[in-house]
Amino acid sequence: MSFSGYKKFIEAGDLVIVYMTRDNMTPIYISENGIFNNRFGVFHHNDIIGKQFGSKMVSSNYRGFVYLLHPTPELWTLVLPHRTQILYIADISFITTMLEMKPGVNVIESGTGSGSFSHSIARTIAPHGKLYSFEYHQERVNLAKVEFADHGYGDIIQMHHRDVCKEGFQMKDAVNAVFLDLPAPWDAVASAKEAFKQDQTGKICCFSPCIEQVARTVTALEANGFIDITMYECLIREHSVAPLQKISFSDALKDAQERRAKGLPSVDSVAIKRKLSKDEPVPTANEIEEAANLMLVSKTVGETRGHTSYLTFATFLPPTAIQLVDSANAKSD
Ligand SMILES: C[S@@+](CC[C@H](N)C(=O)[O-])C[C@H]1O[C@@H](n2cnc3c(N)ncnc32)[C@H](O)[C@@H]1O
């Protein structure tokens, strides 16, 4: 079952992501005579075999229905068995972009953990790129190897069982990007420097929950000649959308004067007509224009929670480029 490609019909042995609701999905491997039960009823695998990915399926006892989705790295991140803390899609997409991953590039990641990020990296660099994934926990290595092979990434991801902080990556002149999700990434920075392709620039990212870790990582990156060191934090901000009634300046002024005359507190120049409840569909712009003198506005919620980690990025400069900069500096002195 490959995550990279897309197949139309479900067969025995396939991984299917069963979608109940947006917050409730589960992975199942289809087997002949298998049965899947949940609060929506009983689903026989034999009835699933032959259906199209994406189909809606009613349970055999008619208690409800589910959707049968094709696996993708994004869905896998939402349903995978957690063996460690994992990266989620907001961080994954930002890091993938900032590390300039694309088909054909070679990447190092450590540790592998639960393989959440590994799936997205493999899909991005396929079919000719390589992901060298390092993990020092033997059982996690074994499980990751089986999962990567089952998901069609066996040729793209090369698993290594190693403590990269003590033994390094033992790779030279090989990769375009390095991603470190380790408690002490600074201990792996010197070895990462050797692993970069030595004739082009490369990108590194260290993912650390604490600012003290960031400080030590930055010191190690500077000591090893990395440039453009920048730290980001990826936070999700919710926007609540509501229709507001437009009000002209003269009406607002008149309203304010009347309120002052009556000794009432002042209000905003726009009044909230009504707030949408969570389940109510947001009206289209046309509906709003037609219904009344309303406009759709969005407000961010006051508090933004959801700190995962700080993302420290830096650029590797090849030795030839450093020599050029040094000699240009020497001439100008
Ligand atoms: C938070 S998990 C990584 C999660 C992963 N990024 C994901 O998205 O699933 C960190 C992993 O690093 C591994 N690790 C910690 N120190 C290590 C080291 N020095 N060498 C190799 N792996 C290490 C741990 O065993 C753990 O599995």
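Analyst: What follows goes through the core, then the sheet, then the backbone.

Analyst: This is a predicted model, in which local features need pLDDT of at least 70 and side-chain atom pairs count only at pLDDT 80 or more, while totals for chains, interfaces and linings use all residues. Residues are numbered from 1 along each chain as its sequence is written, and side-chain values use heavy atoms, with hydrogens and water left out.

User: Ok, which residues have the most contacts inside the largest nonpolar core?

Analyst: They are Ile 95, Leu 99, Val 107, Phe 117 and Phe 179, in a core of 36 residues. A nonpolar core here is a set of buried Ala, Val, Leu, Ile, Met, Phe, Trp, Tyr and Cys residues joined through side-chain atoms within 4.5 Å, where buried means under 20% relative accessible area, exposed over 50% and partly exposed in between, with a 1.4 Å probe and protein chains only.

User: And which helix gives the most to this core?

Analyst: Helix H4 (residues 116-125) does, with four residues; helices (H or I, at least four residues) and strands (E, at least two) are DSSP runs, numbered from the N terminus.

User: What does Ile 95 touch?

Analyst: Leaving aside residues up to four places away in sequence, Ile 95 touches Leu 87, Phe 117, Phe 179, Cys 205, Phe 207, Leu 311 and Phe 313, with contact meaning heavy atoms within 4.5 Å.

User: Switching to the sheet, what is the strand order?

Analyst: The open sheet has seven strands in the order E9-E8-E7-E10-E11-E16-E12, with mixed pairing, and two strands pair if DSSP finds at least two bridges between them. Its edge strands, E9 (157-161) and E12 (227-233), each pair on one side only.

User: How do E12 and E16 pair?

Analyst: E12 pairs with strand E16 (residues 310-316) in the antiparallel sense over five bridges, and Met 231 has Thr 312 as its bridge partner in E16.

User: Where are the cis peptide bonds?

Analyst: One joins Ser 110 and Gly 111, with omega about -10°, and another joins Ala 126 and Pro 127, with omega about 5°. Gly 111 lies in the loop between strand E7 (107-110) and H4, whereas Pro 127 is in the loop between H4 and E8.

User: Why mention those at all?

Analyst: Because most peptide bonds are trans, and most residues other than glycine have a negative phi.

User: Then what about Tyr 62, is the residue buried or exposed?

Analyst: Tyr 62, which has a positive phi of about 55° although it is not a glycine, is exposed, with a relative accessible area of 71%.
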